[in-house]
Amino acid sequence: MMEGFHPETSFGPDTARRYDDHLRGDEEAAASFLAGYARHGRALEFAIGTGRVALPLAEHGVRVDGIELSPHMVSRLREKPGGADLDVIVGDMAAETTGRTYPLVYLVYNTVYNILTQEGQIACFRNAARHLDEGGVFVVEAAPPWAWIRGERFVNVERLTAGAVTLDVNQYDHVTQILDENHVSLGADGIRLEPISCRLIWPSEMDLMARLAGLRLVERSGGWNGERFDASSPLHVSVYGPA
Ligand SMILES: C[S@@+](CC[C@H](N)C(=O)[O-])C[C@H]1O[C@@H](n2cnc3c(N)ncnc32)[C@H](O)[C@@H]1O
């Protein structure tokens, strides 16, 4: 993990305030897909954040609960229309429990990678399994490492205008599978650094984590609209059900 980085301080007040400024654009597609598995009942989002997906899913008639590590992200969720109605616990998705079970538990936007050890990621799968109704599913959406990694050190240009540049500066360790990233924003208001470390998981490793949690892969696609998953897919949507 990157020197000087503390996981508990990422997603602090500044990041939380700016989080929804540049949405991914997949929110409605994700909500429609997930609503099918929630069977118009309840769902639990691990790492619910500011409710980027949970709030559109709630509009499909699903009662969405959440577990989220950052109280700042939860505060931002609370300020949004409908955000105060959701049951959200501040805690670690690998350990915390809501005390309920659900037809659907889900974890999107590469966030399973925010847990920095293989043991912790397995614990997260086990915790998801613990929250499932009989026949319930755990849906994970993440980018496969090969779609992301371009060597041991690489820079992506995230945004480029005449007055401001946002760069994503990355360092990847093939042995630990840890990706250290620093989002660097340069503009008239100065320089901002937003560091984050992740532990990337191969889809096959993820399937074994699910097996250790008593689940098995029942469906995998390359997007929220049933796209075929292959080596050129930018992400995978994996559905794990009872083994
Ligand atoms: C990329 S954001 C995703 C938020 C939301 N799911 C979305 O799709 O917009 C990652 C979120 O994961 C949360 N997080 C990181 N590690 C966590 C953990 N161990 N347990 C619960 N939440 C965690 C962060 O605080 C942050 O809100």
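Two strands count as paired here if DSSP finds at least two bridges between them, and strands (E, at least two residues) and helices (H or I, at least four) are DSSP runs, numbered from the N terminus. All the views below come from a predicted model, in which local features need pLDDT of at least 70 and side-chain atom pairs count only at pLDDT 80 or more, while totals for chains, interfaces and linings use all residues. Residue numbers start from 1 along each chain as its sequence is written.

**Figure 1. Strand β11 and its two partners.** On one side of the story is strand β10 (residues 215–221), joined to β11 by six bridges in an antiparallel arrangement. Leu217 has Tyr240 in β11 as its bridge partner. Strand β5 (residues 132–142) also pairs with β11 (residues 236–242), again antiparallel, over five bridges. Here Ala142 sits opposite His236 of β11. As a reminder for reading this view, side chains in a regular strand alternate between the two faces of the sheet.

Figure 2. Val139 belongs to strand β5. Is this residue buried or exposed? Val139 is buried, because 23 other C-beta atoms lie within 10 Å; the cut-offs are 20 or more for buried, 12 or fewer for exposed and anything in between for partly exposed, counting other C-beta atoms within 10 Å of the residue's own, with C-beta atoms placed from the backbone. Setting aside neighbours within four places in sequence, Val139 is in contact with Leu34, Tyr37, Leu104, Tyr106, Val237 and Val239 (contact means that the C-beta atoms, placed from the backbone, lie within 7 Å). Take Val237: it comes 98 residues away along the chain from Val139, yet their C-alpha atoms are separated by 6.9 Å.

Figure 3. Val184 finds its bridge partner, Leu193, in β9. The β8 and β9 hairpin has two residues between its strands.

**Figure 4. Gln177 in the hairpin turn.** Zoom in on the hairpin of β7 and β8, which has four residues between the strands, and you find Gln177 with a positive phi near 65°. Most residues other than glycine have a negative phi. How exposed is Gln177? Gln177 counts as partly exposed, because it has 18 C-beta neighbours inside 10 Å.

**Figure 5. The ligand shell and Ala47.** The ligand is surrounded by 19 residues, and the closest are Ala47, Gly49, Arg52, Leu69 and Ser70 (a residue is near a molecule if its C-beta atom, placed from the backbone, lies within 6 Å of it). Sorted by class, the shell has 12 nonpolar, four polar and three charged residues; Ala, Val, Leu, Ile, Met, Phe, Trp, Tyr, Cys and Pro count as nonpolar, Asp, Glu, Lys and Arg as charged, and the others, Gly among them, as polar. Ala47 lies in the loop between β1 (42–46) and α3 (54–58). Its phi is positive too, near 60°, in a residue other than glycine. Ala47 is buried, because 22 other C-beta atoms lie within 10 Å.

Figure 6. Domain 1 covers 7–146 + 201–242 and domain 2 covers 147–198, with bounds from an automatic or database domain assignment. Their centres, taken over C-alpha atoms, are 23 Å apart. What meets at the boundary? There, 12 residues of domain 1 are in contact with nine residues of domain 2. The domain 1 side of this boundary divides into seven nonpolar, five polar and no charged residues.

**Figure 7. Leu23, out in a loop.** Leu23 is found in the loop between α1 (13–18) and α2 (27–38). Leu23 counts as exposed, because 9 other C-beta atoms lie within 10 Å. Arg42 is 19 residues from Leu23 along the chain, and their C-alpha atoms are separated by 24 Å.

Conventions
Two residues are in contact if their C-beta atoms, placed from the backbone, lie within 7 Å.
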